[in-house]
Amino acid sequence: MPLSARVRLRRSRGWKNDRDGTVHLKDKLGNLDIQDRIMLAFGIDPYAGAKLGFLDRTRDQRAALGAVRIHELLSHSAELMLQNINHLWAVTPDLAGRKLGLFQLWDDCAETGSDDLITGGASARALVVSIIRARLTGASAYTLAELAELNAHRHSLATFAPYE
C-alpha cells in the first residue's frame, strides 16, 4: 500500500468499540487513487492490512473489555432470566407452552465453564424454579409424566425436579 494511502487511511478510517470490545470498522472512502479503485472493483479491500493491524494492536484491550462485559452480564443473570420469563408469559398463553418454555429456559442454564458462568447459570436456574413453584401449583403443576418426558430430553446434567 502506498504511503499516501496509509496516511489517508488513518485520516479517513472510522471505528467504534462496543462495550464488549467488538469493533465496527467503517470505510470512509474519499479520494481513492487508481490502485485502490482497481482493488475495490475486484472485490479486494485495499485497507484490509491496516484493518488487521489495528485489530491485532487492540486485541488485548478488546478482550479485556469483553471479559468485563461478560462478568457484568453474568452478575445480572437472574434479572435477565426474569425478562425472558416475562416475555414467555406474554407471548405464550397456553399452559403447556409455558411449561415447556420454563423447562427450556431452565435446561439452557450453564452448569460448566468459568466460575462466573456457573454462578450466573445457578442464579438464573434458581429463579426459574422459584417462578415454577409460585405460578405452577395445584392443577397447573407439572405432572410426574410431564417431568419424566422433559427429563428424557434434557441437555443439562441435573434432573429437572422443580418441586423438590
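**Reading the labels in this model**

Visitor: Why is D45 called partly exposed?
Guide: D45 has a relative accessible area of 25%. Buried means under 20%, exposed means over 50%, and partly exposed lies in between, using a 1.4 Å probe and protein chains only. The value for D45 falls between those limits, so the residue is partly exposed.

Visitor: What kind of model do these values come from?
Guide: This is a predicted model, in which local features need pLDDT of at least 70 and side-chain atom pairs count only at pLDDT 80 or more, while totals for chains, interfaces and linings use all residues. Residues are numbered from 1 along each chain as its sequence is written, and side-chain values use heavy atoms, with hydrogens and water left out.

Visitor: What makes D45 and K51 a salt bridge?
Guide: The closest N and O atoms of D45 and K51 are 2.5 Å apart. A salt bridge requires a side-chain nitrogen of Lys or Arg within 4 Å of a carboxyl oxygen of Asp or Glu. The distance of 2.5 Å meets that limit, so the pair counts as a salt bridge.

Visitor: Is K51 buried or exposed?
Guide: K51 has a relative accessible area of 15%, so it is buried.

Visitor: How many salt bridges are found in the whole structure?
Guide: The search finds six. One of them joins the side chains of R59 and D56, at 2.7 Å from N to O. These two residues are three apart in helix α3, so about one helical turn separates them. R59 is partly exposed at 45% relative accessibility, and D56 is partly exposed at 45%.

Visitor: What distance makes E111 and R125 a salt bridge?
Guide: Their closest N and O atoms are 2.9 Å apart. This pair links distant parts of the chain, with E111 in the loop between α5 and α6 and R125 in helix α6, 14 residues apart. E111 is partly exposed at 25%, whereas R125 is buried at 11%.

Visitor: How do you know whether S77 is buried or exposed?
Guide: The relative accessible area of S77 is 11%, and therefore S77 is buried. S77 is found in helix α4, residues 77-91; helices are DSSP runs of H or I of at least four residues, and they are numbered from the N terminus. Not counting residues up to four places away in sequence, S77 touches G120 and A124; contact means heavy atoms within 4.5 Å.

Visitor: Which residues have the most contacts inside the largest nonpolar core?
Guide: They are M81, I85, L102, V128, I132, Y142 and F160, in a core of 19 residues. Helices α4, α5 (95-107), α6 (115-135) and α7 (144-152) each supply at least two residues of this core. The largest share, six residues, comes from α6. A nonpolar core is a set of buried Ala, Val, Leu, Ile, Met, Phe, Trp, Tyr and Cys residues joined through side-chain atoms within 4.5 Å.

Visitor: Which residues does I85 contact, leaving aside neighbours within four places in sequence?
Guide: The contacts of I85 include L102, L105, L127, V128, I131 and R135.

Visitor: Why is F42 called exposed?
Guide: F42 has 66% relative accessibility, and therefore counts as exposed. F42 is in the loop between α2 (34-41) and α3 (48-74).
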